[in-house]
Amino acid sequence: MALRHATREREDASAEVVDQVITDGAGLSEAEAAQRLARYGENALTEHHIGVLQRLAQFFWGPIPWMIEAAAALSAVLGHWADLAIILTMLFVNAGVGFWQEFKADTAIALLKQRLALKARVRRDGQWKEIAARLLVPGDVVGIKLGSIVPADVRLLEGAYLSVDQSALTGESLPVDKKPGDVAYSGSVAKLGEMTAVVTATGMNTYFGKTAHLVEQARTVSHFQRAVLRIGNFLILVTVGLVVLIGFAALFRHDPLIETAQFALILTVASIPVALPTVLSVTMAVGAERLARMRAIVSRLVSIEEMAGMNVLCTDKTGTLTKNELTLGAPRPAVNVARDDLLLAAALATQPVSPDAIDTAVRAGVPDSRPLDGFKVKAFRPFDPVAKRAEAEIERDGNTFRVAKGAPQVIIDLCAPDIGQRRAIAAQVEDDAAKGYRTLGVARTDGAGRWKFLGLLPLFDPPRDDSAATIASTRAMGLDIKMVTGDHEAIARQIAGQLDLGKNIVVADTVFGKESPDDRLSAIMNADGFARVFPEHKFEIVKTLQGAGHIVGMTGDGVNDAPALKQADVGTAVSGATDAARAAADLVLTAPGLSTIVRAIEEARRIFERMTGYAVYRIAETMRILLFMTASIIAFNFYPVTAVMVVLLALLNDLPIMMIAYDNAPVASLPVRWDMTRVLVMSSVLGLFGVFSSFGIFWIARDYLRLAAPLVQSLVFLKLLVAGHMTIYLTRNKGAIWERPLPSWRLVVPCELTQLAGTLAVVYGWFMAPTGWGLAILVWAYALVSFSVASAVKVAVSRLLEHRPTRQFRHLARVERHVGA
């Protein structure tokens, strides 16, 4: 484990650095600091930069770009400038969208840099001075006080006490008390106290830097990108095979070379899924707008498709499942002590303006019936890690008494109760600890100045109000939920119990201490949650699950979550997340809690259904046109459509295709993912059926009606157009066309208008031979009959495919255990 190993290395090296600190307290000299700066480098995060041109060039390399570029080259050679302009526009739009999405995702490192302290107070040449934090070097003596961001990894040297908030780094929900000799991590925030420290690690060698390195390493190829690549490869293989076949036929017949090249262009343009990435991206972009209205901001479009197939959701605890607010549990007053008296004494032992989370929680618990206004604080000693208690001297109505709150053992020793009471108090503390509570003891002096034990106050970070309902809803949708936290396993179990998340909470080290990868995977799959987790643990949990074929979601809010958020298929930053977490995430929730994610998953599954329908339609139409045209030329030595007709088909298809993004779609009850077998089988069946039905109208026009070749081409064009648009209605769902949800008017209107435009072009002879209304109506009637038969064929094939076992449901056994399925 890279981070843990690096941590041990830093601890070994830090002792050496401390020994090098000048013993007279003067700190390093400027000369020595300059030498170390040259040796260790600046205290800043570094990253591997890819040039803008190199990054952009990546989007012009691959099977689909190659085919588009080949079509553009043929258009230029033959002087088809309009085709060239359209093809190049689509090529650059696809590249631009992909480039922009990647550029936004890579801002995670930049925002991690922003969190680092910009200035640091350092002692050099015996003088305290303020310098840029990037100029710190190992061995520098720095000052850390209330509100300071720790500028580098340090070992604390001198001072009364220091309390730091490192929740964004480690996931611990409570501030951590530090003493001389302890380590404080770069990026954590000082909440109380003041100490001097020696720098032990800077830049990428810090705990913070290793986290940033994991973010930079995190890279995934989406299932959407893989699906588009497979579809493109399939169409390329079909195209190459048919072009080669036609080439041999042309050579055998001694056809003119230029005519053969022109048809090759037509065939290439017809087969290339030029609009495939664009249509799918538009579909996801429209869905992203809907999600934004639900207060879920999408930063990476392909994550919408991933969310539809997500079957494991790893969620951070602090700030995600819980409120990240310390709250009082049920007070435990001592015998003959009123509950309100216990809360009042505890509140008097706090500072009203203190930023301490414990003091804030205690004061929030004071009942309205016992206001603090009548009490005067004559003296106050704040909590420190040495005394382990806070104490105040209070005056009211001329009477003076003292109150104290702090670690239970310290308060017990202060009050010196009998052995029986000691044991009873210790048992209560142990019981609270087993439930994950941090417990405070409270005491007050009586009239004689003797300390009296008043009781115990348990503190905890409570679950969000909607967390339990959200977990139940996501499980009902087929997701396996796992809690991931840096807190102790007792706290994790207590929260998991309240949320009905499961009882199998394991310590992360016990999982990754297993030698066998199979054992690690089994432990991860069987766990309901993980405690004492470091950033690299979260990262490895996600990667392990992905390696087993799962589509993994990760939620979080802190810097420590950023690597796993970026590695996950769906990284979700919750409301109030750090800039680094939001930049690394694919989805940013702006409403508190996780309830929004349920609606986001539903919308993602609708979007996925639209994309699947379009993919089936695109492949079926490509196969239908390719095979029909190829077979017509080889078998009948006849070009069924002209080059102008191919262009018109492409133009008239564009508008209704884009409207697929606004169509109504069903919501799958379980996670969905690209089933390429179903996509290819269904599209192949519909495509082959379309070939046979196209030859039907070809036979009727040429052999039965004995029409001239230009009229045959016009009728074939109209049949390809009308039947092609009807195929959109076939592929939008798995059942009969009348099954709900019915097509949206936004899809139906453009489909029918473009069909009408094509019909008018055929009837009145725009760019082709006119047919008149009689022949046009014949084609429409023939297309409607073919459509009915095709619908029955589609339903039959869908039912056969539904009975296939697929790997996406294997994880449901664990989920069923929780939801009682």
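1. Glu-30, Arg-124, Lys-129 and Asp-140 are joined in a network of salt bridges, a salt bridge being a side-chain nitrogen of Lys or Arg within 4 Å of a carboxyl oxygen of Asp or Glu. By this rule the count comes to 24 salt bridges. The model is predicted, with pLDDT of at least 70 needed for local features and 80 or more for side-chain atom pairs, while totals for chains, interfaces and linings use all residues. Residues are numbered from 1 along each chain as its sequence is written, and side-chain values use heavy atoms, with hydrogens and water left out.

2. Asp-663 and Arg-732 meet through their side chains in a salt bridge of 2.7 Å, N to O. Asp-663 sits in the loop between α26 (643-658) and α27, and Arg-732 in the loop between α28 and α29 (745-764), so this pair ties together parts that are 69 residues apart in sequence. Asp-663 is buried at a relative accessible area of 4%, and Arg-732 is buried at 8%, where buried means under 20% relative accessible area, exposed over 50% and partly exposed in between, with a 1.4 Å probe and protein chains only.

3. Arg-332 forms a salt bridge with Asp-431, with 3.0 Å between the closest N and O atoms. This pair links distant parts of the chain, Arg-332 lying in strand β11 and Asp-431 in helix α17 (residues 419-434), 99 residues apart; here helices (H or I, at least four residues) and strands (E, at least two) are DSSP runs, numbered from the N terminus. Arg-332 is partly exposed at 23% relative accessibility, and Asp-431 is partly exposed at 32%.

4. Asp-465 and Lys-323 are also paired in a salt bridge, at 3.6 Å, N to O. Asp-465 is in the loop between β16 (451-460) and α18, and Lys-323 in the loop between α13 (317-321) and β10 (327-328), 142 residues apart. Asp-465 is exposed, with a relative accessible area of 74%, whereas Lys-323 is partly exposed at 30%.

5. Arg-475, in helix α18 (residues 467-476), deserves a separate point. Arg-475 is buried yet has no salt bridge, and the nearest side chain of opposite charge, that of Asp-528, is 4.8 Å away; Lys and Arg count as positive and Asp and Glu as negative, with His and the chain ends not counted. A polar atom of the Arg-475 side chain does lie 2.8 Å from the backbone oxygen of Leu-501.

6. Two residues other than glycine have positive phi values to check. Asn-336, with phi of about 65°, is in the loop between β11 (332-333) and α14 (339-348) and is exposed at 75% relative accessibility. Asp-500, with phi near 55°, is in the loop between α19 (489-498) and β18 (505-507) and is exposed at 58%.

7. Helix α28 (residues 709-731) has 23 residues and reaches 32 Å from its first C-alpha to its last, close to the 33 Å expected, the expected span being 1.5 Å times one less than the number of residues. Of the 23 residues in α28, 20 are buried.

Notes
Polar contact = N/O pair within 3.5 Å; in protein donor to acceptor, adjacent residues only side chain to side chain.
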